[in-house]
Amino acid sequence: MNPSERLLKQFRDLVTVRLERINRSLMELESGGNLEAGQRVLRELHGLKGEARMMGFNDINTLAHEMEELVRSAEPQRYRLSSESTDALLATADTVLTLSGALQAGEPMLAVETLVATLQQRVIAESTRPAGAPRLEEGHRPAKGDGTSPLIVADRREPSAAVVVPAHWGTAPARTDAQAGGASPAAAASQFIAAALRSESAANPAAFPGPLPGARMVDSARSRPGSAQKPGAGTVRTGDVRMDTAVRIGVASLDMLTSAVTNLGQVARRRELANARRLELVRELSELARAAEDLGPAGIALAERLGRAKELAATLHREAKLLANAELRDLDQVSEEIQGLRMLPLSVLFEPYPRMVRDLARELGKEVELVVDGEDTRADRSVVEALREPLMHLVRNALDHGLESRVDRVASGKHPRGCLTLRAAREGSRIILRVEDDGAGMDPSLLRRVAVRRGILDEPAAHALSDAAARDLVFLPGFTSRDVVTDLSGRGVGLDAVRTSLQALGGDVGVESAPGWGTIFTLRVPVSLTVAPLLFVQVLDETLALSAVHVSRALKVDASDIGEVAGRPTLRVEGRVLPFASLASLLGINAERPAREGELVLVVKGQGMEAALAVDRVLKERVQAILPLKGILARYTHLTGATSLADGRLAMVLSAAALAAGVHGTAPLRLARPPARAPAPRRRRILVVDDSPLTRELVANLLEAVGYDTLRAADGPAALEQLAREGPPVELVVTDLEMPEMDGVELTRHLKADPARSRLPVVILTTRGGEADRARGLAAGADGYITKGDLVRQDLVDVVGRLLG
């Protein structure tokens, strides 16, 4: 990046930050007069003018000057702005952001001349407002033409109920329709500006329409006794670190550090294993020394040499142990520090909602009070980013489906203004996020009728649903109670995407509601996607892991608890009848079977479902780093990541929610294959050789998902037998390195020595990543060598594609 580009990027970043502060303060001014907020806006606009002039952005300079004049005209009213003036300022701020290049225009941009004319008209309107106009109190509806704002700072709830729009929030800039899910933040402002221009010739320019519905956002820090806002509260802060002692770090750099620490942790666990082997060497040398003493005079000399070797090995073991302990202490400290750097307050997630709720509420003709509680709750930045889209869906759903219009609320005896609440809290290793509204609520009988009308259920099945199950219908793809499609709803897309997104995080979502009472959506997600308590289990020869918080208990099967319902095996646990399956059958390793007396079963829970899952052994529970899955592997809903074992092998982390759904029969675990297209090209055939059934299945499914046919063999001799059979030719072999009878290196040598198969590409897949092992494999003639950890990064697919290209 050359100096000019770097300077331009700095200017755009600065414009974005200044406009975030301006928008946040404008929300305060619309809610009521605030000298400090007004002066803050003027300071930011003055700085913006100078920077734009220096960079040659004359239009931005002009607009910032007119915005400054409009805000200054409201000084006699303690900078209290009407909704119409706020609309004009917000629309201008969106245009400034677009003119700077920091935001691409999602719709035709308002002309600078139009904005200047509108801002000047608003200056006249604000200047002619009577000084000392009374501030609206709760329940007072402003009369048409009085110029007051519907955004009132007054709380009809207990002062301690929640903190709404904290001073350190930054209101997000305008987004495109695609980003905001169909709602343009500038829409209401644009509508007002068009009306304002049409009425330019009105006899009384100070007169303007009555208040539009909108969002009421309360900062309870200003309403609580003795909690006046401190100077500088509007400055940007990062967590609890003072800005003058902090440095900026890019997300890519932070991800790289996280990955490096994870890899170092894996190396440290390998070192622990090496230390254990050194200790075994010490013991073996001691045994040999004792045995040599019985061999006579020559044996005594040999025993002395073995004794010295034992002492040397013991010294090496002690030194390695001390170094490993010191390394682990430092590594743990660095790991904790990096995890702390990855944590963000949820205020970052909630920042766009004051502006968004305001604009959508006005678009829908509703009055809404936005309440936020728990914005200081912290979560990993990857979790915060992943929550943005689901939370957006739920807030839009509450505004459109949940909350009623003012007329409907008054008619039903409710407060005229609806309340939308976002609550966040941490419970152990989980974040609990609630989206609450005091709207119309969900009518289970209506949801049953909709399910029947749309062909989702027949009448007997719908009638048999409990109220909770009926409410859960809203998470089905395509389910909507709206018959009319609008910009915000009626398409049947949204809540199913919310559930899918949260399942991908290893979380879940539930809903509580009652007609006339309102609705609460509860989201539960991990605090971190990179570190979590994992329960390791063994299935056949495979070591697997799943989130420990989703396992409620482990038990041994009693014969009297084994049963069957509708032809499917069940198990009675504490009076509840749970569907049963073995983990091996769910993963396609073994056939489905009933429970067996004495076997070990885990009770797993997820998405409101419980299931009994048989495993061979429970190994240990440990808080450990989770590697994210990328490429084709990320499409397997029953895999949430991978983690390393002490010996360097990779263990897949299973989704408890997906496993529970699989046992219930509501969701398949296998990756759905795309429909065949005619004419179908010839599919290349690959032989997968691995003694691990799960790894063999996983690698084969991975290759099949990208368009290859596969054959499978459990070891070297079985692979040679497969290759000798008639049929379409095998064009590539993927083999494990370590196998009984004939390992991958020996199989590779055998194939390369055969003139008929010497040109057949061979890729060795192993847990061993050392240079010596790699050199041994390549010396045998292997065309590719991949560690199993690289499966996470889709390296196998890339290598196979190049070899067959």
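In which strand is S582 found? S582 is found in strand β14, which runs over residues 576-582, where helices (H or I, at least four residues) and strands (E, at least two) are DSSP runs numbered from the N terminus. I will come back to that residue after a word about the model.

What we are looking at is a predicted model, in which local features need pLDDT of at least 70 and side-chain atom pairs count only at pLDDT 80 or more, while totals for chains, interfaces and linings use all residues. Residues are numbered from 1 along each chain as its sequence is written, and side-chain values use heavy atoms, with hydrogens and water left out.

Let me begin with confidence, for which pLDDT is the predictor's own value for each residue, from 0 to 100. The chain averages a pLDDT of 76, and 76% of the residues score at least 70. Over residues 133-212 pLDDT stays under 50, and the model has 189 contacts for this stretch beyond four places in sequence, a contact being heavy atoms within 4.5 Å. Over residues 216-244 the pLDDT is likewise below 50, and that stretch has 62 contacts in the model beyond near neighbours in sequence.

As for the chain overall, its secondary structure comes to 25 helices and 24 strands. Of its 805 residues, 49% count as buried, and here buried means under 20% relative accessible area, exposed over 50%, and partly exposed in between, with a 1.4 Å probe and protein chains only. Among contacts between residues at least 6 apart in sequence, 72% join residues at least 24 apart.

Returning to Y353, and not counting residues up to four places away in sequence, its contacts are R358, L370, R388, L391, M392, V395 and L422.

At 1.5 Å a residue α4 should span 26 Å, and its end C-alpha atoms are 26 Å apart, which agrees, the expected span being 1.5 Å times one less than the number of residues. After α4 comes G101, whose phi is positive, near 90 degrees. In α21, 12 of the 13 residues are buried, so α21 too is largely enclosed by the rest of the structure. The buried residues of α21 include R696, E697, N701 and E704, and just after this helix G707 takes a positive phi of about 110 degrees.

How is helix α25 buried by comparison? In α25, residues 795-804, the buried residues include L796, V797, V799, V800 and L804. They cover an arc of only 165 degrees around the axis, which puts them on the same side of α25, the arc being that of the directions from the helix axis to the C-beta atoms. What covers them includes α21 (693-705) and the strands β20 (685-689), β22 (732-736), β23 (762-766) and β24 (784-787).

That brings me back to S582, which counts as buried because its relative accessibility is 4%. Leaving out residues up to four places away in sequence, S582 touches R593, L613 and A614. Another serine, S528, lies in the loop between β8 (518-526) and β9 (531-539), and at 8% relative accessibility S528 counts as buried. S528 touches Q339, D380 and V383, again not counting residues up to four places away, and the C-alpha atoms of S528 and V383 are separated by 6.4 Å, although the two are 145 residues apart along the chain.

Finally, some backbone angles. Most residues other than glycine have a negative phi.
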